[in-house]
2 protein chains.
Amino acid sequence: MSEAFGTLIDGVEGTTVPIDDRGLQYGDGVFETLLLRRGHPRFLEAHLARLRLGCTRLGIHFAAMAELRAEVARFAAIAPSLAILKIIVTRGSATQRGYAPRGDAPPRRIVSLGPAPAPRTDFASGLQLQIAKLRLGENPALAGIKHLNRLENVLAAAELTGSASFDALLLDAGGSIICGSMSNVFVVREGAVATPLLDRCGVAGVMRGIVLRECHTLGIDITQERLSLSDLKAADEVFVTNARIGVVPVRRVGEHSFGMNRLALKLRAHIETLDA
Amino acid sequence: MSEAFGTLIDGVEGTTVPIDDRGLQYGDGVFETLLLRRGHPRFLEAHLARLRLGCTRLGIHFAAMAELRAEVARFAAIAPSLAILKIIVTRGSATQRGYAPRGDAPPRRIVSLGPAPAPRTDFASGLQLQIAKLRLGENPALAGIKHLNRLENVLAAAELTGSASFDALLLDAGGSIICGSMSNVFVVREGAVATPLLDRCGVAGVMRGIVLRECHTLGIDITQERLSLSDLKAADEVFVTNARIGVVPVRRVGEHSFGMNRLALKLRAHIETLDA
């Protein structure tokens, strides 16, 4: 971003990429956004696993994991107590015109350190969401991974202009809840947690994976399933997650309010103690 | 592309863009690929109209059309007899982290002149298509425009590796034919032409628009409608279009062959005489 503390492009300090990069030409790549806390990249292994999965799904032959780890460590060593690390891996420079990947250029990795936004003070009382007008397209080939084709997220986030909502909640064309433009969503019903299946669209956030794992650790029932807006409205609690904010209760979705956030705050407190 | 003859970035010769460009970060932009023939950018007005439509649909406030025209003219003046001009307009540099467009950075335009591929010799006898395994996701908000979120096209084109097919024919999840990864498709039935509706997905190519217009000019019936693979197989002729190849007959789709290409060749010959 404009306010980046520093950027390494294939390990070399820089601020630009060639215009023939397929990330720019086609959004042909993946990315990760990590929170660095007290010099520690939180849930690094989970982020790298998703990055690897995304590359595999897109057929990007990313072989520089050791170099990437070293670059993450290099930034972690100089980061302020809270910072954001963004990693982009693209398919690299196009060697020929056209959509088809030729497989003869190495992927390009871009690692940027930037400031973390000022912490919000309303996390305990809960955030407000609004229902996005935009519906997510469904494509199982791209579902779940954090690829660089993010126009749907951009258009959904644009709906928030002038709104007090933290995020826009996205449904698919059939009306199933999928995720926020920059968060995953969970409902709590009688002490059990459910989160949307992301087999057709949406991004499976790293913090979502941590919640799935830690619910098991804590003995809390959790399922991935199709959830409608009616399911959401009938929930005792709703919460959202992402790598930056962790677990945060939702107090309002559109016109519907949620009162309790006991389980969300318990999960939040628990996950805040974890780094991996 | 790597073999570009030259690139102007916001009017200045260059080869790179800042890594905070939202085109790279999110695929947040649109593009056009024009054929320059004997120094003339073919169907320039139609390309610029689609570019403008794409910017409007994405909420990109592109106000540098006069500058862009001048840059196109500058490249047209130095282009070899056949060349490709690619125009990218992105939402510009991100001024803050996050998907939401802030509206305070100017869009960035990238104009590149590159060589045209060697002309194929099999246009008259017809091309071969294969049915893509990948199905297109549906999103009316993004349908029709040539935005930079092209991973579906990349994955479909990747299916062509090692194949003799010119393009991969993409269907939506419901089985309707939409378009090729880099072309639009038309069927001919008893002298009338039909092409898929692109209200849910697909790119409405400039050459597709020219075919729609010129069919009217020539008194050929043409409709936009939902078309299935059965409709395609029942057709007398099939043809594909894009800005680079114009109108080209298809002789084979998967295992199904098409014999006649009288109307396609007539349209091809007619449109080859046009520049605007």
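Okay, let's start with one residue: the side chain of B:Thr7 makes a polar contact with the side chain of B:Ser112, at 2.8 Å. By polar contact I mean a pair of N or O atoms within 3.5 Å; within protein, one has to be able to donate a hydrogen and the other to accept it, and residues adjacent in sequence count only if both atoms are side-chain atoms.

Before I go on, this is a predicted model, where local features need pLDDT of at least 70 and side-chain atom pairs count only at pLDDT 80 or more, while totals for chains, interfaces and linings use all residues. Residues are numbered from 1 along each chain as its sequence is written, chains are lettered from A and ligands numbered from 1 in the order in which they are written, and side-chain values use heavy atoms, with hydrogens and water left out.

Back to B:Thr7. You'll find B:Thr7 in strand E1 (residues 6–9) of chain B; strands (E, at least two residues) and helices (H or I, at least four) are DSSP runs, numbered from the N terminus. B:Thr7 is buried, at 8% relative accessibility. Buried here is under 20% relative accessible area, exposed is over 50%, and partly exposed is in between, with a 1.4 Å probe and protein chains only. Leaving out residues up to four places away in sequence, B:Thr7 touches several others, including B:Phe75, B:Ile110 and, over in the other chain, A:Ile19. Contact just means heavy atoms within 4.5 Å.

So how do the two chains sit together? Rotate chain A by 180°, with 0.0 Å of shift along the axis, and it superposes on chain B with an RMSD of 0.0 Å. That's the relation of a two-fold axis.

Now the interface itself. We've got 62 residues of chain A in contact with 61 of chain B. The two chains bury about 4800 Å² between them, 64% of it on carbon and sulfur atoms; that's the accessible area (1.4 Å probe) lost on being put together, summed over both parts. Helix H4 (residues 151–158) of chain A gives the most to the chain A side, with 7 residues.

What's the salt bridge count between chain A and chain B? The count is 0, though there are 18 residue pairs in polar contact across the interface, both residues at pLDDT 80 or more. A salt bridge is a side-chain nitrogen of Lys or Arg within 4 Å of a carboxyl oxygen of Asp or Glu.

Over all chains, that rule gives 32 salt bridges. One of them joins A:Asp21 and A:Arg108, at 2.5 Å from N to O. A:Asp21 is in the loop between strand E3 (16–18) and helix H1 (22–26), and A:Arg108 is in strand E7 (residues 108–115), so the pair links distant parts of chain A, 87 residues apart. Both partners are buried.

In chain B, B:Glu32 pairs with B:Arg50 in another salt bridge, closest N and O atoms 2.6 Å apart. Strand E4 (residues 29–37) holds B:Glu32 and helix H2 (residues 44–58) holds B:Arg50. Again, both are buried.

Last stop: A:Leu171, in strand E9 (residues 167–172) of chain A. A:Leu171 is buried, at 2% relative accessible area. Among its contacts beyond four places in sequence are A:Ile131, A:Ile178 and A:Leu229.

Definitions and conventions
Copies are superposed by least squares on the C-alpha atoms of residues with pLDDT of at least 70 in both.
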